[in-house]
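Colleague: Before I use this structure, I would like to go through its chains and domains with you. Could you take my questions in order?

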Amino acid sequence: MQEHRALPGGRAILERLISLREGSIIVVTVIVAVYFSANTSTFFTGSNFETLLPYFAPLAILGAGEVFVLILGEVDLSIGAMYMFAPIVFYKLDTAGLGLVPSIILSMLICMAVGAITGSFVAILGVSSFVTSLGMLFGFEGLSLILSHGTPVATPGAQVHSTIVQVHHVVNGHSITLPEKVNHVGTFAKIFGAGIYSELIWAIAIVLILQVVLTFTRWGLYTVAIGSNKLGAAEAGVKVKLVTIRNFVLAALLAGLVGVFEAIRSQTIQPDPSGPNELLLIAIAGAVIGGTLLSGGSGTVVGAFIGALFLGILKDGLILQGVNANYLLFYTGIAIIVAMTANVYVARARRGHSGSG
Amino acid sequence: MADAAAPQTGVVGPTSAPDDVLRVEHIAKRFGPVTALKDVNLHLKQGEVLGLLGDNGAGKSTLIKIICGFQKADAGKMWLRGEPYEPKSVDDARAHGIETVYQDLALIDELSVYHNLFLRKERVHRPVPLLSNRQMKREARAALDDIGINIPRIDVAVARLSGGQRQAIAVARTVNSDADILLLDEPLAAMGAKEGAQILDLVARLKDEGRVSIIMILHNYVHVLQACDRVSMIQDGAIALDKPTAETSVEELTDIVVNEYRRAREEAHRAEAEAASGGAAASGGAAASEGASGA
């Protein structure tokens with residue numbers, strides 16, 4: 001009813017931005033990016049973007065799946081296990097002679113089946129999602145260790161081939177030819193994580209598609225409905241169990257996919273639960289500081305993407321500034337709390353704002 | 001033993017009329033140790049508005065939830081337009097033309113007014129099934145105008161509406177459908193006099209159109225006599241009265257409730273007395289309390 005959208009001045013744009021769920025984290029991310037650009041000579045460079053991206057893209061994909069579970073008012077910790085489990089299954093299937101692409105597809109289907117089990121415990125048996133997914137986390141990380149005997153292996157399809165090519169150089173007017181070594185990775189590896197921008201492209205595509213699913217499809221509508229009023233949604237005829245299980249399947253699938261990407265990018269499958277455990281918590285943190293409520297009923301996939309970007313920029317920027325490695329986790333912790341507090345205040349200001357939805 | 005002057009508060013057996021759209025016979029439902037419905041018999045005629053009365057906990061809402069497919073009865077049978085009717089889900093009941101306004105409204109606070117109106121009946125594009133928000137907004141606006149409910153903005157979250165507006169949205173959701181049987185569980189609960197009158201007007205208009213048949217849970221006897229053709233009263237998990245509203249009065253309805261209260265109080269007294277006098281003197285205690293009630 002208040003018409004304060006008529007002429008978007010600078011202040012109006014800022015107000016509009018703040019009124020978005022993702023608004024506060026966008027502002028915070030820009031501030032942090034500007035700070036590091038001004039204070040380091042290397043932040044705003046192409047080569048840094050190449051080092052920053054591999055860190056944040058997997059978080060963004062993990063976060064996208066997690067958002068669907070968080071909006072339900074549940075949480076899925078088992079994404080860490082799927083991240084670790086999928087590449088090992090992929091390796092086993094490939095070494096059994098299935099071929100690269102069928103192995104990826106089948107390993108993803110297995111992750112989805114595991115997600116369906118987690119979701120069924122929550123939706124049908126009514127076990128708390130925190131406890132169920134924690135059990136699945138330990139269980140499948142354990143199974144990964146058993147299957148892999150705890151030994152790292154080379155990721156199938158990610159081998160680097162080196163070839164020697166003759167390169168012509170012109171030195172002081174003389175043409176000389178020198179042999180140079182060039183590294184290649186296969187097309188398969190380039191697509192599934194090894195290409196510099198491969199994971200970023202996957203992340204952007206997945207985030208955009210899932211944001212559309214969340215905002216413009218019945219699936220998204222029902223997800224929000226269940227998180228906002230589970231009984232009411234059921235009374236209206238929403239199939240609560242089906243949607244819940246489906247969202248856990250989605251989270252497990254994306255976690256498995258990221259696990260395989262990272263294994264191909266790093267060329268090795270490391271059966272070590274400590275990395276996945278940290279990653280899953282950072283992905284959840286990214287989703288939450290991106291504007292998704294832990295209590296459910298509201299959330300955004302794009303927000304989780306920006307939340308992941310924020311955490312990526314923060315880590316990268318601190319490293320570039322030469323911060324002692326021992327301080328990194330400490331600063332990350334503080335940053336999460338500060339970003340979250342900013343969110344709470346902005347959300348409160350937004351609710352106080354009548355009129356603009 | 002019962003006072004001759006008091007109205008009979010027996011249990012109404014199965015009754016039916018030739019133009020019944022819905023018949024419910026011998027429905028029973030337990031929740032663990034609690035018996036919500038013992039033996040409920042009910043029928044709803046084409047185009048009729050049936051008022052359902054009863055105390056809190058008498059089982060009204062449970063009955064509604066069984067008819068609309070949200071819960072399953074432990075025993076009993078239902079017929080819809082002469083066919084056996086056993087709803088497997090809310091969607092199934094909806095497919096049979098039954099829409100419900102729940103006591104808790106089943107509104108989704110985080111969703112907009114129009115998304116709430118179309119929940120489970122979303123309009124989507126073809127062939128890619130994306131939500132057609134524009135179409136839903138347009139239809140929602142038209143439906144609300146048609147019903148005569150004034151909601152200034154339909155793209156805001158339902159959480160921002162007043163209690164009465166929320167109630168109106170919940171009612172509008174059922175009216176804005178192809179359903180020919182509406183179940184309204186306390187549609188006036190959160191409403192002021194003016195908003196309540198609007199809903200009753202709407203019910204009267206639907207009745208005049210004659211397309212839908214309505215079961216409506218109400219608390220206010222005046223509303224029942226004003227808006228309903230017939231009234232059924234649930235007491236203690238069974239139907240204690242089933243009469244056309246023209247043949248009953250606020251006094252009769254009140255008497256039934258007062259008698260039920262007296263009966264329940266005497267029962268409680270008797271149980272207390274029995275417990276106090278112990279097993280050996282049980283029959284003596286019961287006799288004493290009977291004597292007291294006769295005096």
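Colleague: Of the contacts in chain A with a separation of 6 or more, what percentage comes from residues 24 or more positions apart?

Modeller: Please keep in mind that this is a predicted model. Two residues count as being in contact if their C-beta atoms, placed from the backbone, lie within 7 Å. Among the contacts of chain A with a separation of 6 or more, the share that joins residues 24 or more positions apart is 76%.

Colleague: Turning to chain B, which element gives the largest share of the side of domain 1 that touches domain 2?

Modeller: Chain B is divided into domain 1 (20–109 + 171–246) and domain 2 (249–295), and the centres of these domains, taken over C-alpha atoms, are 32 Å apart. Their contact involves eight residues of domain 1 and four residues of domain 2. On the domain 1 side, the elements of chain B that give two or more residues are α7 (221–227), β9 (230–235) and β10 (238–244). The largest share, three residues, comes from α7(B).

Colleague: By class, how many residues on that side of domain 1 of chain B are nonpolar, polar and charged?

Modeller: The side in question is the one that touches domain 2 of chain B. Sorted by class, its residues are seven nonpolar, one polar and no charged.

How values were computed. Residues are numbered from 1 along each chain as its sequence is written. Chains are lettered from A and ligands numbered from 1 in the order in which they are written. This is a predicted model: local features need pLDDT of at least 70, side-chain atom pairs count only at pLDDT 80 or more; totals for chains, interfaces and linings use all residues. Domain bounds come from an automatic or database domain assignment. Helices (H or I, at least four residues) and strands (E, at least two) are DSSP runs, numbered from the N terminus. Ala, Val, Leu, Ile, Met, Phe, Trp, Tyr, Cys and Pro count as nonpolar, Asp, Glu, Lys and Arg as charged, and the others, Gly among them, as polar.
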